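Here are some notes to read alongside the model, written for someone opening it for the first time. Please keep the structure in view and go through the points in order.

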Amino acid sequence: MLEVKNLHASVDKNEILRGIDLKVNAGEVHAIMGPNGSGKSTLAHVLAGRESYQVTEGEVIYEGRDLLAMPPELRAREGVFLAFQYPVEIPGVSNMYFLRAALNAIRKHRGLDELDAMDFLTLVREKMKSLDMDQTLMNRPVNDGFSGGEKKRNEIFQMAVLEPKLAILDETDSGLDIDALKTVADGINALRSPDRAIILVTHYQRLLNYVVPDYVHVLSEGRIVKSGGKELALELEEKGYVWLEESAQPVKSGASLR
Amino acid sequence: MISRPRFGLEVKNSTAQVEHEATTSKIGEDQIFFFCQRGLSGEDVINMIVNGFCKQVFRELPMEFAVEAQKLLGVSLEGSVG
């Protein structure tokens with residue numbers, strides 16, 4: 001589904017990503033871990049098409065197409081979803097209105113009929129129930145005055161409604177208390193399916209106790225320095241990142257697992 | 001970032017002419033990227049953000065002004081995004 005080859009990217013001429021190789025197949029959950037400043041969030045944003053990051057080298061193939069050539073809205077319509085680490089507040093635009101516009105833009109792109117208000121409401125109620133979300137959030141402006149936990153839950157809720165093919169979650173677990181973490185994890189698990197891939201960007205093993213990844217990659221200084229199965233995350237939790245930075249040679253390629 | 005202007009003028013001279021000028025800044029890149037990442041683009045994004053922002057002000061206005069202002073906003077936004 002997704003193949004990242006030798007990806008280099010910079011912000012304001014500072015090179016952050018220095019040759020990422022990663023292959024993600026449909027049905028897989030990949031966790032990307034690493035210390036602060038290792039490039040995790042940059043990778044997530046580059047895949048989503050943020051313009052402030054310049055790709056200087058390498059390529060990204062998504063479902064056989066050149067992902068980097070697509071503008072961000074096209075990537076979204078083609079099924080790429082980014083759950084933001086810091087969800088943006090949109091004053092005066094209700095969650096309901098926003099999400100229906102987004103869903104219909106995606107449906108239109110895929111040649112499906114747009115949902116009317118009633119059908120949309122039915123869909124939303126069902127999804128909100130499964131995520132244990134307060135229904136009044138729907139009528140409030142997008143993320144405006146939401147608590148940290150509500151914002152993160154709202155990202156997962158949007159993901160549940162938009163049903164992406166490739167979901168990238170940028171530190172969705174940070175700032176959540178244990179109950180909210182479980183709810184968010186349940187939401188992610190509910191989306192696991194053979195035709196969908198999920199990339200979890202996270203600092204901690206904590207989320208991975210609830211959403212068990214198929215693969216774990218460790219990012220350090222813009223490269224994937226180690227890849228492994230779910231046990232790698234446990235090892236990291238125990239030994240910290242310093243262990244890897246000391247022992248691992250930067251892997252140039254071969255970080256992809258197959 | 002959109003900022004909500006807050007101002008007040010207290011005029012004690014009954015013959016004075018008083019004007020007020022307000023400035024707003026460009027719509028935040030973060031907000032636009034968020035809309036695009038959800039599949040929305042171009043004029044729709046600007047319309048939603050500006051309408052949302054203005055709605056907060058319009059609802060403070062008397063009904064007849066609010067309706068008028070809403071219409072004017074629709075007209076002035078049309079075609080403003082290339």
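1. A word on terms, to begin with. A helix axis here is a line fitted to C-alpha atoms over the stretch in contact, and angles run from 0 to 180 degrees between N-to-C directions. Two packed helices are described by the angle between their axes and the distance between the axes. Please also bear in mind that this is a predicted model.

2. With that in hand, look at a helix pair in chain A. Helix α4 of chain A (residues 117-130) packs against helix α5 of chain A (residues 148-162) at about 130°, and their axes are 10 Å apart. Angles over 145 degrees would count as roughly antiparallel and those from 65 to 115 as roughly perpendicular, so α4(A) and α5(A) are oblique to each other. Their crossing is right-handed.

3. Which residues make the contact between these two helices? From α4(A) they are A:L123, A:V124, A:K127 and A:M128, and from α5(A) they are A:F157, A:A160 and A:V161. By class, the residues of this contact are six nonpolar and one charged, with no polar residue.

4. Now step back to chain A as a whole. It contains eight helices and twelve strands. Its radius of gyration is 18 Å, close to the 18 Å that the globule rule gives for 258 residues, so chain A is as compact as a globular protein of that length. The C-alpha trace of chain A spans about 55 × 40 × 35 Å along its principal axes.

5. The interior of chain A is worth a look too. Of its 258 residues, 44% are buried. Taking contacts in chain A between residues at least 6 apart in sequence, 72% join residues at least 24 apart.

6. Is A:I16 buried or exposed? A residue counts as buried if 20 or more other C-beta atoms lie within 10 Å of its own; A:I16 has 22 within that distance, so A:I16 is buried. Beyond its neighbours within four places in sequence, A:I16 is in contact with A:A9, A:S10, A:V11, A:G39, A:T42 and A:G222. From A:I16 to A:T202 is 186 residues in sequence and 17 Å in space, C-alpha to C-alpha.

7. Chain B has three helices and zero strands, and its elements run α-α-α from the N terminus on. Buried residues account for 17% of the 82 residues in chain B. Among contacts in chain B between residues at least 6 apart in sequence, 38% join residues at least 24 apart.

8. Where do the chains meet? The contact takes 19 residues from chain A and 18 residues from chain B. On the side of chain A that touches chain B, the elements giving two or more residues are α2 (72-77), β7 (90-94) and α3 (95-109) of chain A. That side of chain A has 14 nonpolar, two polar and three charged residues.

9. Finally, please find helix α1 of chain B (residues 29-37). Its buried residues are B:Q31, B:F33, B:F34, B:F35, B:C36 and B:Q37. The buried residues of α1(B) pack against α1 (40-48), α2, β6 (80-83) and β7 of chain A, together with α2 (42-58) of chain B. Just after α1(B), B:G39 takes a positive phi of about 100°.

Definitions and conventions: Residues are numbered from 1 along each chain as its sequence is written. Chains are lettered from A and ligands numbered from 1 in the order in which they are written. This is a predicted model: local features need pLDDT of at least 70, side-chain atom pairs count only at pLDDT 80 or more; totals for chains, interfaces and linings use all residues. Helices (H or I, at least four residues) and strands (E, at least two) are DSSP runs, numbered from the N terminus. The radius of gyration is taken over C-alpha atoms; the globule rule is 2.2 Å times the number of residues to the power 0.38. A residue is buried if 20 or more other C-beta atoms lie within 10 Å of its own, exposed if 12 or fewer, and partly exposed in between; C-beta atoms are placed from the backbone. Two residues are in contact if their C-beta atoms, placed from the backbone, lie within 7 Å. Ala, Val, Leu, Ile, Met, Phe, Trp, Tyr, Cys and Pro count as nonpolar, Asp, Glu, Lys and Arg as charged, and the others, Gly among them, as polar. Angles under 35 degrees count as roughly parallel, over 145 as roughly antiparallel, 65 to 115 as roughly perpendicular and the rest as oblique. A crossing is left-handed if the near helix is turned anticlockwise from the far one by less than a right angle, and right-handed if clockwise.
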